[in-house]
Amino acid sequence: MVDIWQNAMDHAVTIARRAGEVVREALHEDRKVMTKSSSVDLVTQTDQKVEQLIIQSVKEKFPTHRFIGEESVAAGEVCELTDSPTWIIDPIDGTTNFVHTFPFVAVSIGFSVNKQSEFGVVYSCLEDKMFTARRGRGAFCNDQPLSVSDQEDIKQSVIATEFGSSRDPEAVNNIFTSLRNIVSLPIHGVRGAGSAAINLCLVASGCVEAYYEIGIHVWDIAAGSLIVTEAGGILLDVEGGPVDLMSRRILAANNTTIADRLIREIQSFSPPRDDEEVTQ
Ligand SMILES: O=P(O)(O)O[C@H]1[C@H](O)[C@@H](O)[C@H](O)[C@H](O)[C@@H]1O
Ligand SMILES: [Mg+2]
Ligand SMILES: [Mg+2]
């Protein structure tokens, strides 16, 4: 059967690899660090350059497609997911890592049609790992199939999460309450790669049982979330119920037993939605 989005997916892989080269080259150059929503929400010229590189090259091949890009939204573009084919781009997921040369930095490209995810590409460019998933066709890392962990016991689990880039005292308090609850279950350990996209790929690879975070954006998770489900995992909201990629909350897990146990321990809160201005 003809796969009408295969061309687009091939292009996403090619451009993610090219973007990764730009990121690798920039890693040891002087980086001018700027801030966005808070003093710890970092951005560099490389984030902006890579996003433009991806958007320009996609526009040349697919002129009718739409975009949601982290740095375009930061520059004032509306974050709106319509039924049109839409590329959802995080040019550098893990900018803080990039700034500090902490070696987990990804280019993340999700693609959605009729608000359904069709493919996801996450290129962990310092590890040279290309994670891909096509809806209904499985998830892969460097062409090797991925599957989630089969662990059902939370006490035998490693859970990934992040502190995020908000330092609002109430948010910080909620994050630490959740973390204390989960660590005290007890679990084997907590990890965080500093990149939502890579954390999701770690769930898909079976290296951690679950990843949750409140405060992420749609571009952080659009690609990695499909990689998780195509590897056999599940996605939920942190309070249970279906995930909403615009809600800035996600729980990705290997199975419902682990997910349900975590939901009981997470103290949830609700940052402003990514599409808040559009839905008002
Ligand atoms: O801004 P970039 O694209 O580097 O992405 C974010 C990460 O992906 C989050 O998990 C993480 O918690 C941070 O919020 C970080 O900002
Ligand atoms: Mg990101
Ligand atoms: Mg980014």
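## Salt bridges

A network of salt bridges links Asp 3, Glu 118, Arg 134, Arg 135 and Arg 137, a salt bridge being a side-chain nitrogen of Lys or Arg within 4 Å of a carboxyl oxygen of Asp or Glu. By this rule the count comes to 15 salt bridges. The model is predicted, so that local features need pLDDT of at least 70 and side-chain atom pairs count only at pLDDT 80 or more, whereas totals for chains, interfaces and linings use all residues. Residues are numbered from 1 along each chain as its sequence is written, chains are lettered from A and ligands numbered from 1 in the order in which they are written, and side-chain values use heavy atoms, with hydrogens and water left out.

Lys 36 and Glu 71 meet through their side chains in a salt bridge of 3.0 Å, N to O. This pair links distant parts of the chain, with Lys 36 in the loop between β1 (33-35) and β2 (42-44) and Glu 71 in helix α3, 35 residues apart; helices (H or I, at least four residues) and strands (E, at least two) are DSSP runs, numbered from the N terminus. Lys 36 is partly exposed, with a relative accessible area of 27%, while Glu 71 is buried at 8%, where buried means under 20% relative accessible area, exposed over 50% and partly exposed in between (1.4 Å probe, protein chains only).

Another salt bridge joins the side chains of Arg 249 and Asp 237 at 2.7 Å, N to O. Arg 249 lies in strand β14 (residues 249-253) and Asp 237 in the loop between β13 (234-236) and β14, 12 residues apart.

## Magnesium site

The magnesium ion (ligand 3) is coordinated by Glu 70 (OE), Asp 90 (OD) and Ile 92 (O) at 2.0 to 2.2 Å; donors are N, O and S atoms within 2.8 Å of the metal (3.2 Å for Na, K and Ca), and water is not among the atoms, so sites may look incomplete. Asp 90 also bridges this ion and the magnesium ion (ligand 2), the two lying 3.5 Å apart. Because Glu 70 lies in helix α3 (residues 70-74) and Asp 90 in strand β4 (residues 86-93), the pair ties together parts that are 20 residues apart in sequence. Both Glu 70 and Asp 90 are buried.

## Cysteines

A search of the whole structure finds 0 disulfides, a disulfide being a pair of cysteine sulfur atoms within 2.5 Å. For Cys 125, the nearest cysteine sulfur is that of Cys 201, 12 Å away, and Cys 125 counts as buried at 0% relative accessibility.
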